[in-house]
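Keep the sequence and the 3D view at hand.

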Amino acid sequence: MNVLRAIKIIGSNQKANLFKLLNHKPLTVPSLTSMTLDTDDLQIAREWLLKKEEWYNPNIVAQFETEFARWNGSQYAFAFMSGRVALSACIYALGLEPDDEVIIPGYTCVVVANAFQFAGIKVIYTDIELETYGVDVNKLEDKITPETRAILIHHLYGLVCRDYMPLISLARKYNLKIIEDCAQATGATFRGIKVGNFGDVAFYSSEQSKVFNTIQGGVAVTNDSQIAAKLREFYEQAPYPDASWIDKQLYNIILNYYQCKHPQRWWLGDVVEILYGDKRLISTTKDEEQGIRPPNYGCKMVAPIAAIALNQLKKIDHYNEKRRQTANKWKAWCENRGYKPPVCPADSQPIYLRYPVLVEPEKKQDTSWAFNELGIKLGVWFVSHLHPSPRKVEGCPAADVAVKQCINFPTLLD
Ligand SMILES: *Cc1c(COP(=O)(O)O)cnc(C)c1O
């Protein structure tokens with residue numbers, strides 16, 4: 001153990017804690033990551049660290065795929081090491097080819113744009129609306145050209161997008177394929193059916209800030225047997241991550257639990273940081289922010305991650321219900337303070353991964369007010385159009401507003 005490093009970690013964190021204590025501020029606040037890992041998940045991670053010989057056993061992954069498909073109401077599911085790779089599988093499965101055009105929201109994660117660019121596909125950005133941050137159907141038609149093959153629609157912050165059915169109808173009218181980005185909305189429903197089952201193909205994420213958490217992970221689903229056959233083709237040629245990656249990911253479960261969930265994380269977080277901090281995985285590398293394909297891109301899911309995913313799946317409905325309850329509290333806060341709450345479209349049941357609100361730009365730039373007034377840390381996802389990359393997107397004025405003004409509240413508070 002590196003003593004100097006330990007002293008540095010404890011020194012800076014506990015100095016901050018002493019300051020909070022003296023100012024009667026809370027030592028622990030809700031985490032910006034998912035907070036759905038519990039001691040049972042931790043136990044599973046520890047067991048799998050000792051079962052290296054089973055890491056590439058495909059049966060547990062197949063079991064997770066079957067159970068996810070059943071829970072989601074989808075015919076077919078394929079599990080990968082991230083949502084972005086699941087999206088790459090969707091792109092392959094739709095038969096999109098270099099120089100085809102695809103329309104995607106000008107307010108998304110950079111890894112979404114990357115997945116298309118890695119496949120040589122031309123990305124056209126379209127604007128969002130500011131009620132649910134989904135694609136604005138009224139602005140979409142102008143972006144369609146003879147080269148357009150598909151559109152990507154999303155359900156951000158766990159909301160169901162406002163123009164859901166009109167978007168599907170418009171795509172059908174022009175014979176375009178529909179990819180649903182459900183990375184932030186696993187479990188949200190429309191007319192009692194889970195989002196991701198209305199387009200041609202969809203993907204979900206279990207990255208550590210999403211609805212369920214395996215640190216990194218993703219699933220692609222479809223209800224179309226031909227698309228499923230192509231997803232399977234992609235899946236079968238996808239490599240496995242190497243053992244050192246899997247080892248790190250399991251240690252990240254331990255780090256995440258003690259730093260983001262344990263009630264005494266104000267000091268236990270430092271202990272695990274000293275022990276395992278050098279194993280930390282980051283979700284999006286600097287290279288990815290610049291649009292460069294990382295060397296380990298494209299892997300399918302492995303057994304230990306599927307074991308955690310299976311356990312997380314059992315708890316999704318419980319945590320999503322908690323999120324909806326907290327959303328009521330933030331809705332009341334908005335109404336009291338004169339802010340407009342996000343819209344819950346008719347027949348939809350959002351899951352509120354985070355609770356987004358448009359506030360004054362100053363309040364997004366300096367979020368200390370939230371800690372002082374509410375004892376929470378605010379999320380500021382999308383400080384740029386292609387989060388978290390500074391790469392620019394032009395011609396999407398509503399997205400410009402969201403970039404400057406949309407903050408988000410946590411919906412799991414303990
Ligand atoms: C997180 C996220 C992704 C990518 O998922 P990963 O599992 O991190 O690859 C895609 N789209 C949206 C909207 C996301 O929030």
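Strand 7 (residues 189-190) and strand 8 run antiparallel and are joined by two bridges. Helices (H or I, at least four residues) and strands (E, at least two) are DSSP runs, numbered from the N terminus. Two strands pair if DSSP finds at least two bridges between them. Phe 190 has Ile 193, in strand 8, as its bridge partner.

This is a predicted model: local features need pLDDT of at least 70, side-chain atom pairs count only at pLDDT 80 or more, and totals for chains, interfaces and linings use all residues. Residues are numbered from 1 along each chain as its sequence is written, and side-chain values use heavy atoms, with hydrogens and water left out.

Strands of a sheet pair through backbone hydrogen bonds, either parallel or antiparallel.

A second open sheet has seven strands in the order 1-10-9-6-5-2-4. Its pairing is mixed. Strand 1 (76-80) and strand 4 (122-126) are the edge strands, and each pairs on one side only. From one strand to the next, the twist averages 20°. Axes here are lines fitted to C-alpha atoms, for helices over the stretch in contact, and angles run from 0 to 180 degrees between N-to-C directions.

Helix 4 (residues 83-93) packs on this sheet. The helix touches strand 1, strand 5 (148-154), strand 6 (177-181), strand 9 and strand 10. Contact means heavy atoms within 4.5 Å. The direction of helix 4 makes about 170° with that of strand 9. Strand 9 (residues 201-205) pairs with strand 10 (residues 218-222) in the antiparallel sense, over five bridges. Within this pair, Ala 202 stands opposite Val 221 in strand 10.

**The ligand site**

Which residues come nearest to the ligand? Of the 15 residues around it, they are Gly 83, Arg 84, Asp 181, Ser 205 and Lys 210.

| Residue | Atom in the residue | Distance to a ligand oxygen atom |
|---|---|---|
| Gly 83 | backbone N or O | 2.7 Å |
| Ser 205 | polar side-chain atom | 2.6 Å |
| Lys 210 | side-chain N or O | 2.9 Å |

On its own, the ligand has 380 Å² of accessible area (Shrake-Rupley method, 1.4 Å probe). The protein covers 96% of that area. Helix 4, helix 5 (110-118) and strand 9 are the elements that give two or more residues to the shell.

**Two backbone features**

The peptide bond from His 387 to Pro 388 is cis, with omega near -10°. Pro 388 sits in the loop between strand 13 (386-387) and helix 15 (397-405). Asp 99, a residue other than glycine, has a positive phi, near 80°. Asp 99 lies in the loop between helix 4 and strand 2 (101-105).

Key: A residue is near a molecule or strand if one of its heavy atoms lies within 4 Å of it. A polar contact is a pair of N or O atoms within 3.5 Å; within protein, one must be able to donate a hydrogen and the other to accept it, and residues adjacent in sequence count only if both atoms are side-chain atoms.
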